Amino acid sequence: MADIEMSEASKTPVVAEEVDPVQKANEASLLTFADLKKNIGLIDKGVDTKEMRFIVSVLRQTQSIRKKLNYKVLNQIVNFAFSHQNHATKKNFLLSFLKSDGSSMDIDSTAQTEKETTSSHLNIEVESYIHLLVLIYLIDQKKYEDATKCSSALMETVQSNTRITLYPLSSKIFFYYSLSYEMTNNLHEVRSTLLSALRTATLRHNDEGQATIINLLLRNYLEYNLFEQADKLLANTQFPESASSNQFARYFYYQGRIRAIQLEYAESFKFLTQAIRKAPQNTADGFRRTVYKLLSIVQLLMGEIPERNTFSQKQLKTALKPYFHLTEAVRVGDLGSFNQALEQNSEVFKSDQTFTLVQRLRSNVIKAGLKKLNTAYSRISFNDICTKLKFDGTTQDIMFIIAKTIKDGVIDATINYEGGYLQSRENIDAYSTQEPLHAFSNRIDICLKIHNDSLKAMRFHPDLNKAETEKIAEVAKTIKEEMERQAEESSDNEGDSDF
């Protein structure tokens with residue numbers, strides 16, 4: 001069979017059409033503008049129907065829309081929402097922050113939006129939402145001075161309104177208000193405003209706003225090392241149980257930091273473990289790194305060695321490298337390695353705000369070394385202990401440290417003051433002590449807490465009474481029996497059929 005010749009059209013290579021970057025950017029802006037208009041409609045619907053879920057669904061899209069915000073989109077949405085002359089003052093105020101970034105405006109948004117919206121009524125929720133978008137854009141553009149002015153005006157708007165439908169937005173507004181001042185190193189200026197907002201949120205039963213403000217105040221106090229004030233705040237406030245998991249994670253982390261400074265390492269370890277459990281597992285890598293840094297130090301101060309796989313995780317490996325060197329020094333009980341790691345990474349520890357806790361580890365390094373020497377030697381002099389541990393103090397200093405170590409139960413030994421040596425006792429089987437009981441008790445407590453938290457997180461319809469619940473269960477049982485009967489009949493028919 002003769003070969004089929006290719007036609008001229010088939011020989012011509014297909015050239016991909018080049019997409020104009022400006023046109024592509026304009027299309028993306030149009031899509032973002034359409035999404036924002038849809039969100040405004042959802043907020044209005046939530047206000048009219050008193051359904052919070054519509055407003056919450058809009059706020060969940062904040063992070064995705066945040067990446068698409070630019071001068072053009074915000075200019076369009078401000079002109080669209082505040083098109084009526086009654087809102088000219090608010091519109092001009094927001095537009096004063098939106099200075100052109102050099103991009104061309106292909107759409108005359110002012111002329112277009114005035115035709116679309118002619119109503120003089122504008123819900124305070126919509127106004128606050130657009131104001132919040134402008135604030136987020138200013139923070140992303142690192143215009144922190146403008147962001148503080150914008151956030152202060154937004155806070156005044158929120159505090160002067162008592163509408164319940166504004167509660168979901170208020171928690172976001174509180175967060176970015178504090179963030180804008182933190183970026184300008186003026187975090188102390190918002191403390192009185194946040195305390196007033198906390199009192200108002202508590203009286204109005206704004207649980208999410210209350211949880212957010214408590215965390216912001218704790219962060220504010222810890223930023224300036226005001227641990228006593230932070231502890232008083234914890235003692236005089238009750239964190240709402242209906243708060244989100246993210247807020248609980250932050251709350252547990254701040255509690256863990258406070259307890260660690262107060263030498264309550266067991267409590268600190270419990271709170272930090274709960275913070276990791278509550279934090280998102282696939283995102284929030286920065287938060288998890290911060291918690292693991294503090295958790296590793298707290299474990300070392302408790303006399304425990306963190307698991308090695310903690311330092312080998314992909315997201316944590318680089319950030320936890322200085323803490324891994326510390327762990328190795330504490331595990332071996334080598335004072336020389338500990339001092340070297342502390343000197344090399346002192347700036348890292350100071351930036352992580354763990355330097356004070358790391359300095360406390362020196363006694364733990366000595367205790368770890370004494371524990372190894374107590375196991376290896378039945379009798380060892382104080383001079384040999386100073387030499388092997390590379391201790392830079394006197395024999396009398398090491399004798400006092402050994403006495404404190406014996407009192408704490410780290411080693412089981414006696415001190416011979418006349419002979420100047422440490423006498424070890426016979427090792428006791430750990431299973432004959434109460435240690436296994438305490439370990440199992442801690443694990444059971446963790447399992448019971450997870451079970452209780454799961455029960456609290458379950459949602460039940462508030463309008464269903466016992467009779468309606470039994471009726472639904474009976475209908476479900478009938479449907480299940482009917483399906484089983486049909487399955488049996490179909491299996492019988494298949495057995496009788498021919499292939």
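Helix α9 (residues 144-159) has 16 residues and spans 22 Å from its first C-alpha to its last, close to the 22 Å expected at 1.5 Å a residue; the expected span is 1.5 Å times one less than the number of residues. Helices are DSSP runs (H or I, at least four residues), numbered from the N terminus. This is a predicted model, in which local features need pLDDT of at least 70, side-chain atom pairs count only at pLDDT 80 or more, and totals for chains, interfaces and linings use all residues. Residues are numbered from 1 along each chain as its sequence is written, and side-chain values use heavy atoms, with hydrogens and water left out.

**Helix α9**
- Leaving out residues up to four places away in sequence, alanine 147 touches Leu135, Leu138, Ile139 and Ser180; contact means heavy atoms within 4.5 Å.

**Nonpolar core**
- The largest nonpolar core has 118 residues, and Tyr129 and Val134 are among those that touch the most other members.
- Such a core is a set of buried Ala, Val, Leu, Ile, Met, Phe, Trp, Tyr and Cys residues joined through side-chain atoms within 4.5 Å.
- Apart from neighbours within four places in sequence, tyrosine 129 is in contact with residues including Leu36, Val58 and Leu169.

**Surface**
- Phenylalanine 440 lies in helix α25 (residues 435-457).
- With a relative accessible area of 51%, phenylalanine 440 is exposed, a term that requires over 50%.

How values were computed: Helices (H or I, at least four residues) and strands (E, at least two) are DSSP runs, numbered from the N terminus. Buried means under 20% relative accessible area, exposed over 50%, partly exposed in between (1.4 Å probe, protein chains only).
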